[in-house]
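Biologist: I am new to this structure. Could you take me through its sheets?

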Amino acid sequence: MLPLDSRRVLSITRIRVSLLASAIAAVVVTSCGGPPTIPLPEDIFEPNPGHNFRAATGSVQIGAITERIVCFTTDGTTPELVNGACSSNATRLTAPHRIALDCGSDTAAMAIRGIRLVYDWPSSTGSEVITAAGNFLLDCTRPEGDRDSDGVPDSMDNCPSTANRDQADANNNMIGDVCEAMGAPDADRDGRPDASDNCPMVWNVNQADDDRDGIGNVCDPTPRGEPPLPWNNGLLARALIAWKDEIQCSLNDCRNPGGTGSWGRMCDNDGRVDWNVSLSGLRAISRFTYRNCQNSVTVNVHDYMRDPRNLDPTATRPMEITLTANGSFTQDTDFNGTGRETGMVDVTGSFTGTIVSHVQISNARRAPGSYISVACSTDPIEQEMCAPGNLLVNYRFPDWNCEPGACPTAPAALVDTDSDGVFDPYDNCPMVANPTQANADFDSEGDACDSSTSMMDSDRDGIPDAGDNCPMVANPRQEDSDRDGRGDACDMVSDPDTDMDGVIDARDNCPMAANPTQLDTDMDGQGDACDATPMGTARFSLIRVKSGRCLFDNGGDVRSTATCDATMRNQQWEVIEVSGRRVFRNLNSMRCIAASSWAGAIGMAACDMASAAQQWTGERYDQGGFDLQFPMRLRSGQHNYCLYTDGTGDVYASQGNCGLLGSENGRKVGIYSGGNFMMPPAQP
């Protein structure tokens, strides 16, 4: 039991003297034995909990416990391990010991996915079931809308309701010819016929729609989407800690034990809590077990009557939280009171939830690095909610605040200063009411507050001079790569412009091919004018081996990592076909994988497409059975060996190893376009 305020509660150092003789005697028997240390979450999960995959999918490698029976869930439910079998809601972990995460129906830019697992672990009494959990971040943002499926995103489409891949606009008024119907109803006179206008009653020629709900910003009551409700798992965290310290302190009258023993008491209901202190070799084991134990504690919660918009953190009121707990927490420390607390309890009452302890103990006190994981499905506050999907969320000592990045934050409140129904960030006259947003000259100010409205258009590009960032050079799309207020078409500083398209090379997405509009349909950084796949086929692949590792260039050599991440530039490979073979060029270093010597050395070298040492044959690989996800092996074009990687990250080969039995998982390869493991890999 840990100290609470100034009260003296469990201090493992206090039992050192009375237990020292027993501990010394135990050394003879257990100093070289005893149960192994329970792994920390950072030992189990790779990448560590909290990792942001920045993609719609992720893969987590499980280590340190793979020799044990491991059951896991990713749907928020609690797995169970009973008599060596996983519960029906859980999956048993098998080789290659990876757990896949995906977005499902979620569309959040920062979606959290949780993994819960249980495993058996050796103990002084045989084995015990240990729990562990980790949360990971995915980017589940929907791809930008393309209502007419013409390959041009709505935000860039001059006619988003009718397919027009060529974006033809004869009169340069930013409205595509196929969408510009003479005489068609246009209530707001913005040039967008009502049938294709996402705000038909409010002038908005650019059709901006931040939350992509089909309603333009200027007429959308929630242009950034519905604000998320705060998660109140943190309230359960604070209540549980106060409840736990209070009820444990009531045992043994808050006195420290003088030796091993057991204490217990009845709870507010007919339940019970027991405290047992024992020795395991040179370790002191203190276990608190809650059996249907009910207790109440008062904590401060936000007062929505005083502060309905949750803007004032000082607006709080006390609330009594009643919890009924079942489960146990175990503190395993040395005689200096240094160790850790593990365990899990399920609670009902004001909350229905689960609490998992990851507390670090130093000198018999909670120490930095401590946290608890809290999940809940029901809660007592209407204006807040439990994290969806019964997700375990981490709360850190000493304030038990949410781990950064794990909880939603309230967006800044939108203000409508002139009360015209258009929020200031989207209002072209934020201080003067102009609900129609009329703006004849296309500049930054609406007609209601523009003292110099002029329709003069010197370059005849459809943009009046007052709102044109290049008034003397036609640029109907108004590209401004460096956002300096001067359009690329006329921003001719001292930088070269090789293709003479008006966009300097440093900002040109096709510096060798004239493309003054800089159109980049698939938004991959390469303009359509020089993009072999302008509609979005990925320009890179991830090379993934069946052992679960991906190849990368570490800056000096080719290596493999268990953390496959399509956003990591050094894992992105351009696959180049040369005379029926493949050359792999790393997009970070722009070097190629090379078979360095006949002895099996494989490294990175300056790319030479004609070099047989850099050419690899993708062969169908049936050893151990054909695998659709890892269908090939890569044979050197120069030496009689195949690329191989082991669990240490080394990438190498040995003569004649292409058919070597028993190691096919280190040679079976999948080449995944864009790093999308949900799609079939390239075939041999």
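Modeller: What follows concerns the strands and how they pair. This is a predicted model, in which local features need pLDDT of at least 70, side-chain atom pairs count only at pLDDT 80 or more, and totals for chains, interfaces and linings use all residues. Residues are numbered from 1 along each chain as its sequence is written, and side-chain values use heavy atoms, with hydrogens and water left out.

Biologist: What is the order of the open sheet of 4 strands?

Modeller: The order is S6-S3-S8-S9, with antiparallel pairing. Strands are DSSP runs of E, at least two residues, numbered from the N terminus; two of them pair if DSSP finds at least two bridges between them.

Biologist: Which strands stand at the edges?

Modeller: Strand S6 (91-92) and strand S9 (126-138) do; each has a single partner strand, so one side of each lacks a neighbour in the sheet.

Biologist: How many bridges join S8 to S9?

Modeller: There are 13 bridges between S9 and strand S8 (residues 111-123), and the two run antiparallel. Leu117 lies opposite Ala132 in S9, and a hairpin of 2 residues connects S8 to S9.

Biologist: And what joins S3 to S6?

Modeller: Strand S3 (residues 70-73) is joined to S6 by 2 bridges, again antiparallel. Phe72 is opposite Thr91 in S6.

Biologist: Now the open sheet of 3 strands: what is its order?

Modeller: That sheet has the order S1-S2-S7, with antiparallel pairing. Strand S1 (45-46) and strand S7 (98-102) are the edge strands, each pairing on one side only.

Biologist: Which residue is the bridge partner of Val60 in S7?

Modeller: The partner is Ile99. Strand S2 (residues 57-62) and S7 run antiparallel, joined by 5 bridges.
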